[in-house]
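Reader: I am new to this structure and would like to know what lies behind the words used for it. Please show it to me first.

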Amino acid sequence: MAREYLPDAAIGTDLIAGFPGEGEAAFEQTFSFVAESPLTYLHVFPYSVRSGTTAAKLDGQLPPATIAARARRLRALGERKRMTFAQRFDGASAEVLVETTRHPETGELRGYTRNYLRAHLDGPDTWAGRLVPVRLAVGPDASVRATAALPA
């Protein structure tokens, strides 16, 4: 329903891969559900035992290799979904909320669009903390380059 009312919204979720008792069929069902969902990004965490927690006492603890493999598959799915979502905005006008720090390696400004696309742009430090109107260019790897519609 969110996608119906907000078609450009980024919708994300957190997933734990390999929780105790997660059988192969349950994992595949989760994977299929996520693949068919309108989610645009995933935060995937491999389950790890934390002493003193209820989960640590549960039967069905999975081998670390199984947990890691499931987390990798979910992360790859999340990357594909993120790339598909980002490509929709290639050439679009948007606003980027510019962060107060530049990229440490390139020196570029960086920030986010209102639908959570991470964008890089050239411009002055005075843009930090401001919404800057831009045109987006999305690369094949889903990297987003923003060209400001304001004079620098």
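Reader: What makes the contact of R102 and D125 a salt bridge?
Author: A salt bridge is a side-chain nitrogen of Lys or Arg within 4 Å of a carboxyl oxygen of Asp or Glu. The side chains of R102 and D125 meet at 2.7 Å, N to O, so the pair counts as one. R102 is in the loop between strand 3 and strand 4, and D125 is in the loop between strand 5 and strand 6 (131-138), 23 residues apart. Helices (H or I, at least four residues) and strands (E, at least two) are DSSP runs, numbered from the N terminus. This is a predicted model, in which local features need pLDDT of at least 70 and side-chain atom pairs count only at pLDDT 80 or more, while totals for chains, interfaces and linings use all residues. Residues are numbered from 1 along each chain as its sequence is written, and side-chain values use heavy atoms, with hydrogens and water left out.

Reader: Why is D125 called exposed, and why is R102 called partly exposed?
Author: Buried means under 20% relative accessible area, exposed over 50%, and partly exposed in between (1.4 Å probe, protein chains only). D125 has 55%, and is therefore exposed. R102 has 28%, and is therefore partly exposed.

Reader: How do you know that E24 and R70 form a salt bridge?
Author: Their closest N and O atoms are 3.1 Å apart, and the limit is 4 Å. The pair links distant parts of the chain, with E24 in helix 2 and R70 in helix 3, 46 residues apart. E24 counts as partly exposed because its relative accessibility is 47%. R70 counts as buried because its value is 6%. Salt bridges that share partners join E22, E24 and R70 into one network. The structure holds 11 salt bridges.

Reader: What makes E99 and R110 a salt bridge, and why is R110 called buried?
Author: The closest N and O atoms of E99 and R110 are 3.5 Å apart, again within 4 Å. E99 lies in the loop between strand 3 (93-98) and strand 4 (109-113), and R110 lies in strand 4, 11 residues apart. R110 has 16% relative accessibility, so it is buried. E99 has 24%, so it is partly exposed.

Reader: What makes I16, F19, F45 and L58 a nonpolar surface patch?
Author: Patches are made of residues with over 30% relative accessible area and no salt bridge; like charges are joined within 9 Å, nonpolar side chains (Val, Leu, Ile, Met, Phe, Trp, Tyr) within 5 Å. Accessible areas come from the Shrake-Rupley method with a 1.4 Å probe, and for residues only the protein chains shown count as cover. The patch has about 350 Å². F19 lies in the loop between strand 1 (12-17) and helix 2 (24-36), and its 35% is over the 30% limit.

Reader: Which residues lie nearest the centre of the largest pocket?
Author: T40, Y41, E79, R82 and Y116 do, and the lining has 22 residues. On a 1 Å grid over the protein atoms alone, a pocket is an open set of points with protein on both sides within 12 Å along at least five of seven lines, and lining residues have an atom within 4 Å of a point. Helix 3 gives the most to the lining, with 7 residues.

Conventions
1 Å grid on protein atoms, 1.4 Å probe; cavity = no way out; pocket = protein on both sides within 12 Å on 5 of 7 lines; lining within 4 Å.
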